[in-house]
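Here is a short walk through one structure. Keep the sequence and the model side by side as you read.

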Amino acid sequence: MQTKETRGLVLYNRPFREDDKLVKIFTESSGKHMFFVRHAGNSKLSSVIQPLTVADFILKINDTGLSYIEDYKEVSLFKEINADIYKLAYASYLVALTDAALPDASFDASLFAFLVKTLELMDEGLDYEILTNIFEIQILERFGVQLNFHECCICHRVGLAFDFSHRYSGLLCPEHYEKDEHRSHLDPNVPYLLDRFQSLRFEDLKTISVKSEMKRKLRTFIDALYEDYVGLHLKSKKFIDDLDKWGSVMKKD
Ligand SMILES: [Zn+2]
């Protein structure tokens, strides 16, 4: 068992025995681990083991069994996310997606930075649906899925009105649409945006603005990609889908 000081993000906690808790923390320097907190209700740790808390933790990390939280400092919370049921639902989904993509105890500082930065931008008020789409597209690689949204997979030309083919796991240009009669029949702006999302730097994010009809098309296509290539069925994603259904009933636009 080694003692380490590292930044970490609490992914979730769950009750364990009578008054104890198990807390899953994604740490910057050692990946994800499960921490045991005794008498969590009365513990000085009770406030920092809530989901979506970021802190500098002092941890006793055990590579095979349970780990322990010794102490913490520099706590930061995503106040805006926690105050908004929609943002909170999307943030919870990103956290669950990260948990699913990354095996325990596997070091991944760049995924840590990407997740924290995405949550910060969500907290700052950037479009949470688009941030979620960008995260979903970029994290596909962690599930072992590499898709090219930049060029036709047959002739490698770029900058055309592309469609996606599940059969070829890639784009088809208008000249090669015929290669797959079951192609996705996408609005060409969908693969265009996914190509941008794949290579996007955070500085460019503020310049992206997407209308609600296009957001719906992105949502539908990304769902199809996840169904076909990842096959995850997260409760937090189901919750978002239900929330969106209720949201559109109530909007009446
Ligand atoms: Zn082509």
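R14 has L22 in strand 2 as its bridge partner. N13 is bridged to V23 in strand 2. The model is predicted: local features need pLDDT of at least 70, side-chain atom pairs count only at pLDDT 80 or more, and totals for chains, interfaces and linings use all residues. Residues are numbered from 1 along each chain as its sequence is written.

Strand 1 covers residues 2–16, and strand 2 covers residues 20–27. The two pair in the antiparallel sense over eight bridges. Strands pair if DSSP finds at least two bridges between them. Strands themselves are DSSP runs (E, at least two residues), and helices are runs too (H or I, at least four residues); both are numbered from the N terminus.

What lies between strand 1 and strand 2 in their hairpin? Three residues do, and R17 takes a positive phi near 50° in this hairpin.

Now follow the chain onward. A hairpin of three residues joins strand 2 to strand 3. Strand 3 spans residues 31–37. Strands 2 and 3 run antiparallel, joined by seven bridges. Here F26 stands opposite K32 in strand 3.

Five strands close into a barrel, in the order 1-2-3-5-4, with mixed pairing. Neighbouring strands of this sheet are turned by 45° against each other on average, direction ignored.

Next come the helices. Helix 2 (residues 85–101) packs with helix 4 (residues 128–139) at an angle of about 5°, and their axes are 10 Å apart. Axes are lines fitted to C-alpha atoms, for helices over the stretch in contact; angles run from 0 to 180 degrees between N-to-C directions. Helix 2 is therefore roughly parallel to helix 4. Angles under 35 degrees count as roughly parallel, over 145 as roughly antiparallel, 65 to 115 as roughly perpendicular and the rest as oblique.

Which residues of helix 2 meet helix 4? They are Y86, K87, Y90, Y93, L94, L97 and A101; they meet Y128, T132, F135 and I139 in helix 4. Contact requires C-beta atoms, placed from the backbone, to lie within 7 Å.

Helix 4 also meets helix 5 (residues 189–199). Their axes come within 9 Å and cross at roughly 75°. So helix 4 is roughly perpendicular to helix 5. From helix 4, N133, I134, I137 and Q138 meet L194, F197 and Q198 in helix 5.

Technical notes
Contact = placed C-beta atoms within 7 Å.
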